[in-house]
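Visitor: I would like to go through this model and ask what stands behind each label. Please set the values against the cut-offs as we go.

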Amino acid sequence: MMKLTVLGNRGAYPKAGTACSGYLLETQKAKIVLDLGAGTLANLLSVCRLEDVSAIVITHLHWDHFSDMMVLQYALDEKNLTIPVYCPAEPEAHFNLLMGSSHFELHPISEGESVTIGDAALDFSELSHPVKNFGVRVTEGRFVFGYTGDTAKCDALDKFLEPVQTLLCDTTFFDDVESDKHMSVMQALDVAGKNGVRRLIMTHFPADARPQAYLDKARDRFNGRISMTDMMQVIQL
Ligand SMILES: [Zn+2]
Ligand SMILES: [Zn+2]
């Protein structure tokens with residue numbers, strides 16, 4: 001049984017009272033942080049001690065997914081802690097910022113790689129975004145959770161989604177637009193439905209967006225459970 005806490009759900013920059021991308025995924029024996037964007041560290045600290053974090057996964061090195069790593073290093077320094085961090089090795093200038101801290105045990109992600117964290121098996125697939133972005137699947141027993149990070153619609157998504165039962169998905173655009181950065185609501189519904197995803201959780205909303213409108217649009221158009229993320233929401237997966 002996994003549990004997901006939404007530490008932040010906005011793309012690019014946050015609206016007042018919200019934060020950018022960040023999630024805490026808990027299995028029986030692991031607490032895994034998925035992205036740590038602007039404003040999410042304080043939210044993480046409100047629900048989890050840093051001593052208890054098993055690992056941090058950064059899907060890609062855009063600021064709205066990893067900027068709070070820069071201040072996290074001060075907290076780790078004060079507590080004399082080191083945390084395993086899985087992230088792409090590029091863009092190099094951004095990766096080097098993480099390399100600058102001795103409190104991050106850095107593991108550059110490679111395509112198709114699998115790692116075990118506690119009782120969770122993680123594996124990574126490169127999806128489509130202007131910088132290298134890895135979707136992550138987390139398997140515990142027979143349950144498979146997937147998180148896209150940021151991605152446009154692409155062929156790699158089909159392979160990535162094949163075993164995924166519950167998907168936390170980039171649905172940045174309310175309306176359909178041609179983009180090499182993100183998916184729209186309808187694109188996400190389409191690709192998730194086609195690949196047999198049973199439960200779709202929409203996220204990565206623009207600062208000015210109203211997530212409820214996304215849900216209203218998507219409801220009744222997906223053959224499964226559909227929901228959206230909300231700040232500090234706890235979702236039983
Ligand atoms: Zn983003
Ligand atoms: Zn991005």
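Guide: Serine 184 is placed in the loop between β11 and α6. The model is a predicted one.

Visitor: Why does serine 184 count as buried?

Guide: The cut-off for buried is 20 or more other C-beta atoms within 10 Å. Serine 184 has 22 C-beta neighbours inside 10 Å, and therefore counts as buried.

Visitor: Which residues does serine 184 touch, leaving out those up to four places away in sequence?

Guide: Two residues are in contact if their C-beta atoms lie within 7 Å. On that basis serine 184 touches Thr171, Phe173, Asp175, Asp176 and Val177. For phenylalanine 173 there is also a C-alpha to C-alpha value: 4.2 Å in space from serine 184, at eleven residues apart in sequence.

Visitor: What makes β11 largely enclosed by the rest of the structure?

Guide: Five of the five residues of β11 are buried, so the strand is largely enclosed. Both faces are covered, with Thr166, Leu168 and Asp170 buried on one side and Leu167 and Cys169 buried on the other.

Visitor: How do you know that β11 pairs with β10 and with β12?

Guide: A pair needs at least two bridges between the strands. β10 (residues 143–147) and β11 are joined by three bridges and run parallel. Between β11 and β12 there are five bridges, again with parallel strands. The chain passes from β11 through α6 to β12 in a right-handed β-α-β crossover.

Visitor: Why is a crossover called right-handed?

Guide: With the strands pointing away from the viewer, the path from the first strand over the helix to the second runs clockwise, which means the crossover is right-handed. The unit made by β10, helix α5 (residues 155–161) and β11 is right-handed too.

Visitor: Where does helix α6 lie?

Guide: Helix α6 (residues 185–194) lies across β11 (166–170) and β12 (199–203), and runs at about 155 degrees to β12. Helix α7 (residues 211–218) lies across β12 and β13, at about 165 degrees to β13.

Visitor: Which residues touch the most other members of the largest nonpolar core?

Guide: That core has 61 residues, and Val57, Leu167, Ala188, Ala192 and Leu200 touch the most other members. Its largest share, five residues, comes from α6. Leucine 167 touches Gly146, Leu161, Ala192, Val197, Leu200 and Ile201, with residues up to four places away in sequence not counted.

Visitor: What is the strand order of the open sheet that starts with β7? And why do β7 and β13 stand at the edges?

Guide: The order is β7-β8-β9-β10-β11-β12-β13, with mixed pairing. β7 (114–117) and β13 (225–228) each have a single partner strand, so one side of each is left without a neighbour in the sheet. Neighbouring strands are turned by 20 degrees against each other on average, direction ignored.

Visitor: How do you know that β7 has β8 as a partner?

Guide: At least two bridges are required. β7 and strand β8 (residues 120–126) share four, in the antiparallel sense. Valine 115 has leucine 122 as its bridge partner in β8.

Visitor: What is the order of the open sheet that starts with β6?

Guide: Its seven strands run β6-β5-β4-β3-β2-β1-β14, with mixed pairing. β6 (104–108) and β14 (234–236) are at the edges because each has a single partner strand. The twist averages 20 degrees from one strand to the next. Strand β5 (residues 83–87) and β6 are parallel and paired over five bridges, and tyrosine 86 has histidine 107 as its bridge partner in β6.

Visitor: Why does the radius of gyration agree with a compact globule?

Guide: A compact globule of 237 residues would have a radius of gyration near 18 Å; the protein has 16 Å, which agrees. The C-alpha atoms fill a box of roughly 50 × 40 × 30 Å along the principal axes.

Visitor: What share of the residues is buried?

Guide: Buried residues make up 47% of the 237. Among contacts between residues at least 6 apart in sequence, 55% join residues at least 24 apart.

Definitions and conventions
Residues numbered from 1 in each chain as written. Chains lettered and ligands numbered in written order. Predicted model: local features only at pLDDT ≥ 70, side-chain atom pairs only at ≥ 80, totals over all residues. Helix = DSSP H or I, 4+ residues; strand = E, 2+ residues; numbered from the N terminus. Axes fitted to C-alpha atoms, helices over the stretch in contact; angles between N-to-C directions. Core = buried A, V, L, I, M, F, W, Y, C linked by C-beta atoms within 7 Å. Buried ≥ 20, exposed ≤ 12 C-beta atoms within 10 Å, placed from the backbone. Rg over C-alpha atoms; globule rule 2.2 N^0.38 Å.
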